[in-house]
Amino acid sequence: MSSAQIEIQLIASLVAIACAIPGVFLVLRKMALISDAISHSILPGLVIGFFITHDLNSPLLILMGALSGILTVVLVEYIQKTKLVKEDTAIGLVFPAMFSIGVLLIAKNANDVHLDVDAVLLGELAFAPFDRLIVNGIDIGPKSLWIIGTILLITLSLLVAFFKELKVSTFDAGLATSLGFSPIVIHYGLMSIASVTTVGAFDAVGAILVVALMIAPAATAYLLTNDLKIMLVFSVIFGVFSAISGYWLAHWLDASISGSMITMLGFVFFLVYLFAPNRGFISVLYRNKQQQKEVQLLTFLLHLNNHTEENERHINHLNEHINWHKIKAQSIVDLAEKNNMIVINNQIIALTPKGKIFTEKAIDYIITNDDSKIESMKKDFFLFRG
Amino acid sequence: MEIKYAVTVDDLTVAYNYKPVLWDIDLAIPEGVLMAIVGPNGAGKSTLIKSILGIINPIAGSVSIYGKSYDKQRKLVAYVPQKGSVDWDFPTTALDVVKMGTYGSLGWVKRPGKAQKKAALEALEKVGMLAFKNRQISQLSGGQQQRVFLARALAQNASIYFMDEPFQGVDATTEITIINILKELRKAGKTVVVVHHDLQTVPEYFDWVTFLNVKKIATGPVKEIFNDDNLTKTYGINYKVSVQQ
Amino acid sequence: MDLQEYFNLVFTDYTLRTITIGTAILGAICGMLGSFAVLRKQSLLGDAISHASLPGIAIAFLITGTKDTNVLLLGALISGLIGAFWIRGIVKNTHLKTDTALGLILSVFFGFGMLLLTFIQKMPNANQSGLDKFLFGQAATLLIKDVWFMAIVTSICLAVLLLFWKEFKLLLFDADYAKTLGFNIKFIDALITSFIVLAIVLGLQTVGVVLMSAMLLAPAAAARQWTNSLSTMVVLAAIFGLLAGVVGTGISASQSNLSTGPVIVLVAAIFVMFSFIFSPSRGLLFRQIRFLKNRRDLKLHKTLSFMFDLVKTHENKSHPHAVQILNNFQGYTRGTLKKLEEEEYIKVQGKMWSMTEKGYQFSSNLYNQNIENE
């Protein structure tokens, strides 16, 4: 590995971490699409900043970009408040307009601006090591490393300093207000961080892909845990993993680094989506099937419990009245019999004492909706054991 | 005399995401009654009428309307959903919404014509909203919106009416208008089922009541079963109403 | 080339005419179907689908090696639909919310698409595959057969729209109710969704994946402000979309270096802004004017009721009172007094005022209304 390669991977990993942290909060606060809007909208700010300074690495660019990101948030919220259109339409109207302005400004001044449309969409991570920061004649590393490093440092220190406030206001805005943290301050603080990070990452990975770096790691982590701290750690791990593996994928395919990073993110999400232990597609599917059976069985037992008349308890009644197909009905009867819940005499079904106790407990649980009651039931009955 | 039942529900069980909402409900609603369904929040009142109407699929049980399946008897049934279930900023007028009540009898593709417009106008007049027929629906008050919904159901010209909280957040005029129409419907021999949550008005407005809390607690004439015992069973706490008979 | 020249050319130049007709049709169909997307609160689904179609274009090229637009658009359609279904799957099967699912799918698919595009660009024999045009759209690449294709799809959509108008309207307003009336809402729903996806795919060549969603939303959002009838809204949105397409193409063609997509989107955005501000019934300007007028009226009415309370205590309604008394009343200014005199509710003589018959009638009405409201 050459030093340039190491530097690229380092920058990519820092970008991934810097994006993953605000991303977690955006996903939890159901504002994932705001990051989409911000990432598109920083473009006109960047271009105007460039016209003023003629230096792509000037801090003014970051400031202008972040300002136009925040302006977008304000504009979206203003349009939502007018109630002229639905909320999501407001987002959908503002950012394409802002992005168009940016693209056109670049196109009209193509000769002056060293930004081209490819750079806007993909960034120029591969060239990042060639733009060095030289202080007093000493080369201290690539400029983008310093920029994103600084942003990450700010994000991290804000995260540590305001972790409690962020946590409370994310999960319970009402409580946050009553504790004296202004949700508005935290909201705009988060928006500002998201904007600044987007601008910093933009250079490396381009406008639209920043969105993936913010949302995908957080969404993946959210499928694995509910704990905010663990979620942050997981997001960072997924981000860094995708950054490094994405780099090598791009190296192998000779394709865009940022595109590969996102592809890896998508791949990781897909795997977790399918196989996550409790929330993955497969386990949800399995559990739904189990629960469906449980509910059906309970319905059946409850029905037996409710009716003393023999005709209601005749085995053929199941398909007539309960409206189940024969096969389904048979499988439920078998299940109940296997668990010694019922006895069948002359095609008339009756609850066993065990079945009766079980049913009564189930009713209790259903009426009170008290989860602690079902805990004791789980021991008696294999279906409830997850 | 044998009672004729407009709606019979057998062993109905409904679960949302496999969480039980209604359990093994047996219910028979006699023809010509004005019935309230009462119960605490989350008792499954709306779910009950939605599954009778086929909006929600039950996991067990069956529903019949005058002895036949709902699919065959659709035209006998009208529905007034909760007011909050639709977007009132939708670009349409009161008359247009009421006309929708006639779409079911028209079937696919056919357009509403003069007869449908006439039916819609009559329904609007009944609820006292004829003057507002061309008003955009967002410019109506909450009570007026509710009356438009009622008019839409009237335009269906059905035998059985299901209403989901029609008295929720309406003004006094609307409440009186609605209850008068309900009583008129009953006089005409129609059956009306209302999800209701103002217990105080039950004896005054209705003649039949069903207590529901996930399971059916009781159903029958208000005079016989609307008592503290059933209320306590339904609401869980020691319930006392000052029933003004 | 300036705009004047351009419009002359539209009528003489074959290519330019093709492009203009193409964008006009595209604008119209987007406006029409966009109205449904906006009313169904699916505004951003369009954004996700259009971004998600990018890898489909690249894969279609990789498999077939063709630059034929229809083949590439078929790829776009398939991958757009996969994206849309996956979004549904995520929302249904996990606890991730719609916004996360949308943002995730749109960015991940787009990133994958960009990976493939850069991969294709660097392939030895595939230089200038021209797939770039799908990013921001190049109306100049529209051929007459593309335009015919668009026209045919648009007519089919229009025919189906007219046929099922009643059902569409019912589903958009109240889907549950539609179900109780016996309509198969899954069928209508699938019809609307597939039309929206179709419109997006049709627009990719002209407007591009990045900005396509705005083409759906903007004309519809603008049209909504001018009417309270669904049919008028759909027609207006089609007209706005058509205009945005034509004007945008005109500007883009008359300048060098301007992709069509961003220009069309900006023109549409200007329509939206204009509609938001100047629509007579909903617009912000008239809303503000009405608000100010109401506030002024309220102030007048308050002063008048204060006066009424005074006058009521006297036998003679037109008994004069000192202007000075009013100073105690908050909200009273010389302006209000003047205004009330202009309306002939009161008479002012020197430092005294008295209520006219008209004023007395008016304020007693106000008084009764107030009591009723309480």
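Predicted model: local features only at pLDDT ≥ 70, side-chain atom pairs only at ≥ 80, totals over all residues.

Residues are numbered from 1 along each chain as its sequence is written, chains are lettered from A and ligands numbered from 1 in the order in which they are written, and side-chain values use heavy atoms, with hydrogens and water left out.

Start with chain C and chain A. Their contact (heavy atoms within 4.5 Å) draws in 55 residues of chain C and 59 residues of chain A. The size of an interface is often given as the accessible area lost when the parts come together. Here the two chains bury about 4,900 Å² between them, with 75% of it on carbon and sulfur atoms; buried area is the accessible area (1.4 Å probe) that two parts lose on being put together, summed over both. Look for salt bridges here (a side-chain nitrogen of Lys or Arg within 4 Å of a carboxyl oxygen of Asp or Glu) and you'll find 0 of them between chain C and chain A. On chain C's side, several helices each supply at least two residues, among them α5 (69-93), α6 (98-121) and α15 (284-312). Helices here are DSSP runs (H or I, at least four residues), numbered from the N terminus. The largest share, 15 residues, comes from α6(C). Sorted by class, that side has 31 nonpolar, 17 polar and 7 charged residues. For the classes, Ala, Val, Leu, Ile, Met, Phe, Trp, Tyr, Cys and Pro count as nonpolar, Asp, Glu, Lys and Arg as charged, and the others, Gly among them, as polar.

You can pick out C:Arg224 and B:Asp89, whose side chains meet in a salt bridge at 3.4 Å, N to O.

What about the inside? A nonpolar core is a set of buried Ala, Val, Leu, Ile, Met, Phe, Trp, Tyr and Cys residues joined through side-chain atoms within 4.5 Å. Buried means under 20% relative accessible area, exposed over 50%, and partly exposed in between (1.4 Å probe, protein chains only). The largest core has 282 residues, and A:Phe99, B:Phe162, B:Leu182 and C:Phe110 touch the most other members. Helix α1 (residues 3-28) of chain A gives the largest share of this core, 15 residues. Apart from it lies another core, of 26 residues, including A:Leu304 and B:Ile59.

Last stop, the loops. A:Lys30 sits between α1 and α2 (32-53) of chain A, and its phi is near 55°, a positive value in a residue other than glycine. At 51% relative accessibility, A:Lys30 counts as exposed. C:Lys41 lies in the loop between α2 (14-39) and α3 of chain C. The phi of C:Lys41 is near 60°, again positive in a residue other than glycine, and C:Lys41 is partly exposed at 47% relative accessible area.
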